[in-house]
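Please keep the structure open while you read.

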Amino acid sequence: MAEPLTYEELAALMKKGAGLSVDPREMENRADTAFDEFGLDSLGLLGIVGVLENRHGQPLPADADRCKTPREFLDLVNNSLMTGA
């Protein structure tokens with residue numbers, strides 16, 4: 001079973017994929033803040049979705065790249081990975 005995606009990993013993916021330095025603790029504290037306030041646009045989020053799909057060898061839900069906040073994204077990704085759907 002896949003390990004759940006954490007704020008730390010999401011911050012690392014944002015750094016690697018979009019060159020954004022985001023403090024994972026700040027992101028967790030502001031989990032309902034829109035991604036664009038952290039500097040991540042929809043293209044950046046799409047890139048993160050692609051990395052996660054490759055890493056886990058399974059597609060994420062089609063609407064994963066339309067999540068608006070870190071909490072929404074982590075909930076969707078982790079629910080998907082845990083169920084294997």
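**Points on the model**

1. Start on the outside. Serine 21 counts as exposed, with 62% relative accessibility. Look for serine 21 in the loop between helix 1 and helix 2. Proline 4 is 17 residues away from serine 21 along the chain, and their C-alpha atoms are separated by 21 Å.

2. A word on confidence. This is a predicted model. The mean pLDDT of the protein is 93. Residues that reach 70 or more make up 95% of the protein. Helix 2, residues 24–29, has the highest confidence, at 97. Helix 4, residues 70–83, has the lowest, at a mean of 93. Where pLDDT is low, the predicted coordinates should not be read in detail.

3. Now go inside. Which residues of the largest nonpolar core touch the most other members? They are Leu10, Met14, Met27, Ile48, Leu52 and Phe73. The core holds 24 residues. Helix 1 gives the largest share, five residues. In soluble globular proteins, nonpolar side chains tend to be buried together.

4. Isoleucine 48 sits in helix 3. Is isoleucine 48 buried or exposed? Its relative accessible area is 3%, and buried means under 20%, so isoleucine 48 is buried. What does isoleucine 48 contact, leaving aside its neighbours within four places in sequence? The list is Leu10, Leu13, Met14, Leu40 and Phe73. Isoleucine 48 and serine 80 are 32 residues apart in sequence, and 15 Å apart in space from C-alpha to C-alpha.

5. Next, see how helix 1 meets helix 3. Their axes come within 10 Å and cross at roughly 115°. The crossing of helix 1 and helix 3 is right-handed. Helix 1 brings Glu9, Leu10, Leu13 and Met14 to the contact. Helix 3 brings Ile48, Val51, Leu52 and Arg55. Leu10, Met14, Ile48 and Leu52 are also among the core residues that touch the most other members.

6. Glutamate 9 forms a salt bridge with arginine 55, with the closest N and O atoms 3.8 Å apart. The pair links distant parts of the chain: glutamate 9 is in helix 1, arginine 55 is in helix 3, and they are 46 residues apart. Glutamate 9 has a relative accessible area of 31%, so it is partly exposed. Arginine 55 is partly exposed too, at 46%.

7. How many salt bridges does a search of the whole structure find? The search finds five. One of them joins the side chains of aspartate 23 and arginine 25, at 3.6 Å from N to O. Aspartate 23 counts as partly exposed, at 30% relative accessibility. Arginine 25 has a relative accessible area of 55%; exposed means over 50%, so arginine 25 is exposed.

8. Arginine 30 and glutamate 26 also pair up. Their side chains meet in a salt bridge of 2.4 Å, N to O. Arginine 30 is partly exposed, with a relative accessible area of 28%. Glutamate 26 is partly exposed as well, at 35% relative accessibility. Which residues are linked in a network of salt bridges? They are Glu26, Arg30 and Glu37.

9. Threonine 33 lies in the loop between helix 2 and helix 3 (42–56). Why call threonine 33 buried? Its relative accessible area is 15%, and the cut-off for buried is under 20%. Leaving aside its neighbours within four places in sequence, threonine 33 is in contact with Phe38, Lys68, Thr69 and Pro70.

10. Finish in helix 4, where glutamate 72 is found. Glutamate 72 is partly exposed, with a relative accessible area of 38%. Then find threonine 6. Along the chain, glutamate 72 and threonine 6 are 66 residues apart. Their C-alpha atoms are separated by 12 Å.

Notes: Residues are numbered from 1 along each chain as its sequence is written. This is a predicted model: local features need pLDDT of at least 70, side-chain atom pairs count only at pLDDT 80 or more; totals for chains, interfaces and linings use all residues. Side-chain values use heavy atoms; hydrogens and water are left out. pLDDT is the predictor's confidence in each residue, from 0 to 100. Helices (H or I, at least four residues) and strands (E, at least two) are DSSP runs, numbered from the N terminus. Buried means under 20% relative accessible area, exposed over 50%, partly exposed in between (1.4 Å probe, protein chains only). Contact means heavy atoms within 4.5 Å. A nonpolar core is a set of buried Ala, Val, Leu, Ile, Met, Phe, Trp, Tyr and Cys residues joined through side-chain atoms within 4.5 Å. A salt bridge is a side-chain nitrogen of Lys or Arg within 4 Å of a carboxyl oxygen of Asp or Glu. Axes are lines fitted to C-alpha atoms, for helices over the stretch in contact, and angles run from 0 to 180 degrees between N-to-C directions. A crossing is left-handed if the near helix is turned anticlockwise from the far one by less than a right angle, and right-handed if clockwise.
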